[in-house]
Amino acid sequence: MENTPYFTNDAIVFGLIALALAFVFYTSSKKTGFWGKFYGIVPALLLCYLIPAIFNSLGLIDAESSQLYYVASRYLLPASLVLMTLSIDLKAIVNLGPKALIMFFTGTIGIVIGGPLAILLISSVSPETVGGAGPDAIWRGLSTLAGSWIGGGANQAAMLEIYKYNPEKYGGMVLVDIVVANVWMAIILLGIGKSNRIDKWLNADNSAIEVLKERVSTFAEGVKRNPTLSDLMVMLGLAFGAVGIAHWGAGGMSALFSDIPKDSALASFGSTFFWMVTIATAIGILLSFTKAKNYEGAGASKIGSVFIYILVASIGMKMDLTTIFENPGLIAIGFVWMGIHAGLLILVAKLIRAPFFFLAVGSQANVGGAASAPIVAAEFHPSLASVGVLLAVFGYVVGTYGAILCTILMEMAAAG
């Protein structure tokens, strides 16, 4: 029987999360003394993620008994996508060149080959860890990780449907997914604090990214003003009006594709979350061609960032630090798998002189999807959030195809 968290009232849970975020932002604003040195090493975003994880690990709160993540991912995420793409410069994003897509597909390939390689490596040490027969075969369970790490939840569900892994053991795979993906995201967040040093080591060409940041910043400065109550209400109206349209449209589009079997490679098109993110992003892009983009000067992206940080904290709530070594065999497979994914990204980034930004966002567009790719991108600069979400949406589309290929290879590796 699972332990009941100390706080189950979401008003209290949200209060704790809000206090944690306030603490991080207040202390990170101190540029001298202990906090100045501390945040010179540890990114503020990482703490926004880890403090809720500590709360969860101590039994104070529990994401499973809270609706906070659902609210943040279904309401605040699409609202933030609209607010952070109001001032999007599509031409400048196109001018980023092919490196963003190259790193995204490198991340995908890293997941596809990482699974079978992890099975081969772990089997040489612990054959029973990668064994099992019939519905209990480990490669069947790992197929759901491939779906999740290339696409997202819909792709993960599709793989469970296709390969019929034992539902009673599925929880163990979910644990591996949460632990490994979140630890990897924490490593990426640590890397963001050292991105200049990493870019220097990669001999990366950052010029296109700097041009995009400069163009957005120049535009924001040109329309900057103190927001009035009217400005704030209009921005919230645009954001949550778009959320309403996105949910309405997502319901209709997912119903339109409802006849697609869950074991189909096109199963993502039946996901309401996929359509919600896609429609919200499209609305933000459309608004960027209107005078609504001038609301960037009144702080549209800052409000979007508030929503994003609440989402970050709610994602952190899902991480229980005490479970990292609960199932060491499966966890080991997951970390070896993610290590191969990371190693391939670093190798290709070095070869093509891709900035760490492309490595981080290309990885998270696969592993984290729309819930974390824009978070990581925005940590580099708010103007870059749209790059993360556009790649994440693309990940949903190719997720099941890549996962099927990965599973075929894992089955061969397990048999070998």
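Helix 12 and helix 14 sit oblique to each other, a label for angles that are not under 35 degrees (roughly parallel), over 145 (roughly antiparallel) or 65 to 115 (roughly perpendicular). Helix 12 covers residues 229–256, and its angle with helix 14 is about 55 degrees, with the axes 11 Å apart. Here an axis is a line fitted to C-alpha atoms, for helices over the stretch in contact, and angles run from 0 to 180 degrees between N-to-C directions. Helices themselves are DSSP runs (H or I, at least four residues), numbered from the N terminus. The crossing of this pair is right-handed, meaning that the near helix is turned clockwise from the far one by less than a right angle. On the helix 12 side, L232, M235, L236 and F240 make the contact (heavy atoms within 4.5 Å), and A300, I303 and F307 do so on the helix 14 side. Sorted by class, the contact of helix 12 with helix 14 has 7 nonpolar, no polar and no charged residues. In this sorting, Ala, Val, Leu, Ile, Met, Phe, Trp, Tyr, Cys and Pro are nonpolar, Asp, Glu, Lys and Arg are charged, and the others, Gly among them, are polar.

All of this comes from a predicted model, where local features need pLDDT of at least 70 and side-chain atom pairs count only at pLDDT 80 or more, while totals for chains, interfaces and linings use all residues. Residues are numbered from 1 along each chain as its sequence is written, and side-chain values use heavy atoms, with hydrogens and water left out.

Helix 14 also packs against helix 3 (residues 44–57), at an angle of about 40 degrees and with the axes 7 Å apart. That angle makes helix 3 oblique to helix 14, and this crossing is right-handed too. From helix 3, L45, C48, Y49, P52 and A53 meet Y309, V312, A313, I315 and G316 of helix 14. The contact of helix 3 with helix 14 counts 9 nonpolar residues, 1 polar and no charged.

As for helix 14 itself, 15 of its 17 residues are buried (under 20% relative accessible area, with a 1.4 Å probe and protein chains only), so helix 14 is mostly covered. Its end C-alpha atoms are 25 Å apart, which agrees with the 24 Å that residues 300–316 should span at 1.5 Å a residue; the expected span is 1.5 Å times one less than the number of residues.

Away from these helix pairs, S87 lies in the loop between helix 4 (68–85) and helix 5 (90–94). S87 counts as buried because its relative accessibility is 8%. Beyond its neighbours within four places in sequence, S87 is in contact with V216, F219, K293 and E296.

Key. Helices (H or I, at least four residues) and strands (E, at least two) are DSSP runs, numbered from the N terminus. Buried means under 20% relative accessible area, exposed over 50%, partly exposed in between (1.4 Å probe, protein chains only).
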